Amino acid sequence: MTLRPVLAAGTVYGVLLNSQDEWAAWAGQMNEPPYKAPPKAPVLYIKTANTWSACGAAIAVPARAPEVEIGASLAMVIGADARQVSAQTALQHVAGYVLVNELSLPHASYYRPPVKYKNLDGFLGIGPRCATPAQVGDPNRLRLEVRVDGRLQQTVDLGRMLRPAAQLIADVSEFMTLRHGDVLLLGLGAQRPHARAGQHIEISAAGLPALGTLTNSLVEDAE
Amino acid sequence: MKHARVAYDGAIHDATERNGQLLLADGRLVAFDAVTWLPPLAPVPWPRTILALGLNYADHAKELAFKAPEEPLVFLKGEGSLIGHRAHTVRPAGVDYMHYECELAVVIGQRAKKVKRADAYAYIAGYTVANDYAIRDYLENWYRPNLRVKNRDTCTPLGPWLVDTADVPDPMNLALSTTVNGKVTQSGSTRDMIFDVPYLIEHFSSYMTLNPGDLILTGTPDGIVDCRPGDVIVTEIEGIGALVNTIRSAS
């Protein structure tokens with residue numbers, strides 16, 4: 001693992017259904033079994049350390065699932081512990097921001113935790129560098145661009161998150177402390193693009209070179 | 001050997017059990033009640049992966065009105081939810097149902113990738129006891145069990161001991177029990193796991209590399225009850241240890 005300069009030794013938490021567009025796409029199913037009701041608390045998942053890939057790294061895609069889903073997001077790296085903080089002060093707990101390529105095997109159900117879809121070795125590209133809060137300003141003003149083999153496939157408007165960065169930190173810290181070094185992803189866009197082995201993924205924030213461009217290539221699992 | 005990690009005399013120490021006392025790495029012998037017990041885990045340079053099983057005992061699956069799963073039902077926990085032996089766990093204000101779960105916890109000893117079931121035991125450093133509390137009021141059907149139920153601060157007591165694999169000849173035949181204020185409320189045996197420890201290591205390591213210090217909490221049998229502030233919960237596994245925890249209110 002070569003990510004020590006970018007990520008501290010904390011747990012990486014992602015959040016499902018934070019995008020208004022993804023929520024709208026799911027709204028018709030939310031009251032049906034097995035969900036029965038829309039989610040109230042942030043729906044979190046964990047990207048374990050085995051998933052971490054540095055910028056530039058090749059990521060192995062297993063033969064059992066030829067395509068992966070690209071989840072471009074902005075990661076908030078926690079500085080001072082955040083425990084039951086208000087949205088007004090939440091961003092004071094962010095030490096920096098970094099781009100992530102949060103890969104999943106496509107899965108149609110959100111009922112059970114997505115471990116076998118999201119926690120494969122290498123399935124979280126991170127980098128290339130951490131930008132300061134001063135460089136980023138309001139994280140929700142950013143638009144992330146996802147390119148596959150150089151072609152723009154998706155633009156993720158971080159302004160369209162149901163819980164903007166500060167509110168998300170506040171609502172998560174209500175039930176668990178976000179500790180120094182922990183990382184919270186701001187959410188994914190809707191209709192996430194797919195890619196397969198042999199393709200090259202680039203994620204950048206439009207107009208914010210301080211975050212750099214996160215690049216990862218997909219390769220077939222050598223197995 | 002039984003290993004502990006404790007705070008004593010202004011520092012953190014590795015310790016082992018010696019005739020009913022703790023032998024610190026610096027040679028001092030101290031009483032069990034003279035120390036603060038921490039989770040019995042060596043620090044690792046990256047965040048520890050903590051896998052936890054739901055519905056891994058047939059009787060518990062029945063109790064919760066689900067059919068037994070066809071593959072392991074697994075969720076992940078963050079290291080921030082762990083606390084040690086003889087600590088306090090918070091019951092949030094205004095909830096109706098908070099229950100313990102007595103679980104055999106497997107501690108990985110060496111890097112495990114695509115391990116076969118027959119070789120699985122060689123990748124285990126040892127075993128400890130976990131109490132995987134759940135606040136059921138917060139259960140939602142999105143990535144269930146969701147982290148608000150399962151990943152709260154103080155809600156995963158672990159310990160008191162990490163017991164070497166050499167001292168646990170048959171981990172799949174250990175009695176588990178839980179008492180609440182001295183009354184037995186849960187009893188079972190690890191032999192009733194739906195997916196046993198070697199199966200779990202083969203299964204998880206087939207798609208994710210497990211690293212030394214990672215944990216697998218293997219699920220709980222029948223017999224869960226509500227826990228109130230002041231209740232003393234003892235989750236015990238034969239040959240591994242008795243993990244004591246007390247519930248307190250949030251304020």
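Two residues are in contact if their C-beta atoms, placed from the backbone, lie within 7 Å. Keep that in mind for the views below, which all come from a predicted model.

**View 1**

**View 2. Chain B as a whole.**
Zoom out for a moment before going back in. Chain B has 3 helices and 19 strands. Its C-alpha atoms fill a box of roughly 50 × 45 × 30 Å along the principal axes. A compact globule with 251 residues would have a radius of gyration near 18 Å, and chain B has 17 Å, so the two agree. Of its 251 residues, 52% count as buried. Now take the contacts in chain B with a separation of 6 or more: 72% of them are between residues 24 or more positions apart.

**View 3. Strand S7 of chain B, tucked inside.**
Is strand S7 (residues 73-77) of chain B enclosed or open? A residue counts as buried if 20 or more other C-beta atoms lie within 10 Å of its own. By that test 5 of the 5 residues of S7(B) are buried, so the strand is largely enclosed by the rest of the structure. In a regular strand the side chains alternate between the two faces of the sheet. You can follow this along S7(B): B:Leu73, B:Phe75 and B:Lys77 point one way, while B:Val74 and B:Leu76 point the other way. Both sets are buried, B:Lys77 included. Alongside runs strand S6 (residues 50-54) of chain B, joined to S7(B) by 5 bridges in the antiparallel sense. To find your place, spot B:Leu53, which stands opposite B:Val74 in S7(B).

**View 4. A five-strand sheet in chain B.**
Here 5 strands of chain B form an open sheet, in the order S9-S19-S18-S15-S16, with mixed pairing. At the edges sit strand S9 (87-91) and strand S16 (183-189) of chain B, each pairing on one side only. Neighbouring strands of this sheet are turned by 25° against each other on average, direction ignored. Strands of a sheet pair through backbone hydrogen bonds, either parallel or antiparallel. For an antiparallel example, pick strand S18 (residues 232-237) and strand S19 (residues 241-249) of chain B, joined by 6 bridges. Within that pair, B:Val234 has B:Val244 in S19(B) as its bridge partner.

**View 5. A five-strand sheet in chain A.**
Over in chain A, 5 strands form an open sheet with mixed pairing, in the order S4-S13-S12-S8-S9. Strand S4 (58-61) and strand S9 (151-157) of chain A each have a single partner strand, so one side of each is left without a neighbour in the sheet. From one strand to the next, the twist averages 25°. Strand S12 (residues 200-205) and strand S13 (residues 213-220) of chain A pair in the antiparallel sense over 5 bridges.

**View 6. Where chain A meets chain B.**
At this meeting point, 32 residues of chain A are in contact with 26 residues of chain B. On the chain A side, strand S2 (43-47) and helix H2 (115-118) of chain A each supply at least two residues. Which element gives the largest share of that side? S2(A) does, with 4 residues. By class, the chain A side has 20 nonpolar, 6 polar and 6 charged residues.

**View 7. A glycine in a loop of chain A.**
A:Gly181 is found in the loop between helix H4 (165-173) and strand S10 (183-185) of chain A. This glycine has 17 C-beta neighbours inside 10 Å, so A:Gly181 counts as partly exposed. Also in this view is A:Ala95, 86 residues apart from A:Gly181 along the chain, with 8.8 Å separating their C-alpha atoms.

Definitions and conventions. Residues numbered from 1 in each chain as written. Chains lettered and ligands numbered in written order. Predicted model: local features only at pLDDT ≥ 70, side-chain atom pairs only at ≥ 80, totals over all residues. Pairing = 2+ DSSP bridges. Axes fitted to C-alpha atoms, helices over the stretch in contact; angles between N-to-C directions. Nonpolar A, V, L, I, M, F, W, Y, C, P; charged D, E, K, R; others polar. Rg over C-alpha atoms; globule rule 2.2 N^0.38 Å. Buried ≥ 20, exposed ≤ 12 C-beta atoms within 10 Å, placed from the backbone.
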